[in-house]
Amino acid sequence: MRTRLGGPFGRLLVSVGISGAGDGIRQTALPLLAAVLTGNPLGVSAVAVAQALPWLLVSLPAGALVDRWDRRTVTLVTNAVRAALAGVLAALVALGAAGIPALCLVAFALTVAETFADAAAQALLPALVEVTELERANSRLSVVGSVAVQFAGPPLGGVLFAVRRAVPFLADAVSFAAAALLLRTLPPLRATPAGQPDSPAVLPGATLSPAGARSSRVASSRVASSLRAEIAEGLRFLSRRPLLRALAGAVALNNLLMEAVFGILVLYALRVLHLGPAQYGLLFTAYALGGVLGGSYAVRVRDQFGAGPAVTGSMLLLGLPFLLIALVPNGYAAGVAMVAMGTGEGVWNVLTMSLRQAVIPDPLRGRVLSAFRMFGWGAASVGSALGGALAHALGLRFPVLLAGVVLPVAALLLTPVLSTTAIEHARTAAATPPSP
């Protein structure tokens with residue numbers, strides 16, 4: 001008999017949907033604005049690189065800090081910060097001051113805040129639902145995220161951009177502010193690593209004596225050293241688990257090659273597929289439709305085929321559609337391919353995120369999940385730059401073909417490591433209490 005996921009989870013779910021709709025609007029409007037400002041693939045991909053780069057630079061310290069802080073407060077504050085940043089971007093666009101450097105700067109800052117928000121939200125979920133309900137909870141989050149980020153947001157972003165270029169970014173700011181207000185209703189959920197004493201605090205306005213100043217510097221040095229040690233602990237945990245290593249490698253490769261395509265997809269859609277701005281947004285609607293299907297049926301796919309084949313099969317489905325986009329360059333084929341790709345991503349996200357949350361201990365969860373984001377989104381930033389360079393040198397179709405060939409081959413090679421037996425063994429080991 002299924003249990004209720006509970007009110008706090010419901011409020012988290014709604015906040016994800018609200019902010020996700022704003023994300024989807026911005027993710028369509030931002031590359032369109034970049035394409036208007038510059039037709040150069042390198043310039044367009046530079047915005048994508050700036051948007052992905054903080055995952056490489058900030059993820060690890062963000063995860064370590066989230067393991068110390070109240071995770072509810074982190075999600076609340078970072079949504080408020082993102083609302084302010086999106087408002088600044090809307091103002092720049094309205095004033096005609098949003099060149100490529102400004103887009104890169106704001107996109108970078110938005111993602112810095114997002115690294116903290118995502119680390120807190122993913123680590124927070126196991127505190128809101130039972131471990132046996134993680135896959136069902138992640139399935140609902142995946143479906144709502146797909147509907148909001150890729151189904152509702154992108155076509156609305158294209159329409160709003162056509163009305164007035166600043167409007168989609170203003171809508172993004174409003175969505176973050178609404179999500180922050182909703183998250184205030186969640187209970188505080190502090191997670192402090194075992195053995196970590198609270199840092200000494202100095203009251204605002206207090207004046208330190210020379211001895212106090214030295215003590216404060218020593219304390220700050222100890223905090224920095226402790227933070228590095230905590231980050232290293234999370235990385236060691238990840239590196240010593242073959243299943244987690246394989247998943248991290250797969251996430252990095254997926255993001256590298258997918259972002260190599262998505263970073264220049266706006267130009268591919270406009271120049272090769274001959275689509276307009278609104279039709280470009282519809283590609284992501286098709287992608288979201290697949291995400292809804294994959295997220296909704298991920299557990300059934302796992303039950304039908306086994307956890308291992310479901311995970312590697314979803315990776316195959318992420319890669320093969322790129323061949324269709326490259327070999328049959330028209331809007332209808334691209335729409336079908338995006339549905340298939342979104343389905344693969346929906347299954348992949350639900351099953352692999354639930355697996356990671358189940359096998360990583362709570363005191364390490366923020367750090368290890370942030371390491372995954374560092375590998376995945378760090379690879380995405382490299383992929384965006386790689387896609388722009390390859391498209392500039394070899395044509396817009398080349399990055400699409402590359403992703404379509406390499407991802408399916410990688411999925412087949414990872415099949416023995418990501419088998420059902422290996423997955424069940426990892427779950428059993430995590431559920432077994434350590435010997436005294």
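The structure is a predicted model, in which local features require a pLDDT of at least 70 and side-chain atom pairs count only at pLDDT 80 or more, while totals for chains, interfaces and linings use all residues. Residues are numbered from 1 along each chain as its sequence is written, and side-chain values use heavy atoms, with hydrogens and water left out.

The protein chain contains 15 helices and zero strands; helices (H or I, at least four residues) and strands (E, at least two) are DSSP runs, numbered from the N terminus. Of its 436 residues, 53% are buried. Here, buried denotes under 20% relative accessible area, exposed over 50%, and partly exposed the range in between, with a 1.4 Å probe and protein chains only. The accessible surface of the chain amounts to about 18500 Å², and carbon and sulfur atoms account for 67% of this surface. Among contacts (heavy atoms within 4.5 Å) between residues at least 6 apart in sequence, 88% join residues at least 24 apart.

Confidence is expressed as pLDDT, the predictor's confidence in each residue, from 0 to 100. The chain averages a pLDDT of 81, and 87% of the residues score at least 70. Confidence is highest in helix H14 (residues 397-414), at a mean of 94, and lowest in helix H7 (residues 210-239), at 66. Over residues 190-220 the pLDDT falls below 50, and this stretch has 25 contacts in the model beyond near neighbours in sequence.

Four salt bridges are present in the structure, a salt bridge being a side-chain nitrogen of Lys or Arg within 4 Å of a carboxyl oxygen of Asp or Glu. Asp23, Arg26 and Asp172 are linked in a network of such bridges. An α-helix has 3.6 residues a turn, so residues three or four places apart point the same way. Arg26 also forms a salt bridge with Asp172, with the closest N and O atoms 2.5 Å apart. Because Asp172 lies in helix H6 (residues 167-183) and Arg26 in helix H1, this pair ties together parts that are 146 residues apart in sequence. Arg26 counts as buried at 5% relative accessibility, as does Asp23 at 10%; Asp172 is likewise buried.

A further salt bridge joins Asp303 and Arg302, with the closest N and O atoms 2.6 Å apart. Asp303 is exposed, at 53% relative accessibility, whereas Arg302 is partly exposed, with a relative accessible area of 22%.

Helix H3 (residues 71-94) comprises 24 residues and, at 1.5 Å a residue, should span 34 Å; the separation of 35 Å between its end C-alpha atoms agrees with this value. The expected span is 1.5 Å times one less than the number of residues. Just after H3, Gly96 adopts a positive phi of about 75°.

On the surface, Leu324, Leu327, Val328 and Val336 form a nonpolar patch with about 330 Å² of accessible area together. Patches are made of residues with over 30% relative accessible area and no salt bridge, like charges being joined within 9 Å and nonpolar side chains (Val, Leu, Ile, Met, Phe, Trp, Tyr) within 5 Å. Leu324 belongs to helix H11 (residues 307-327) and, at 30% relative accessibility, counts as partly exposed.

Methods
Accessible areas come from the Shrake-Rupley method with a 1.4 Å probe; for residues, only the protein chains shown count as cover.
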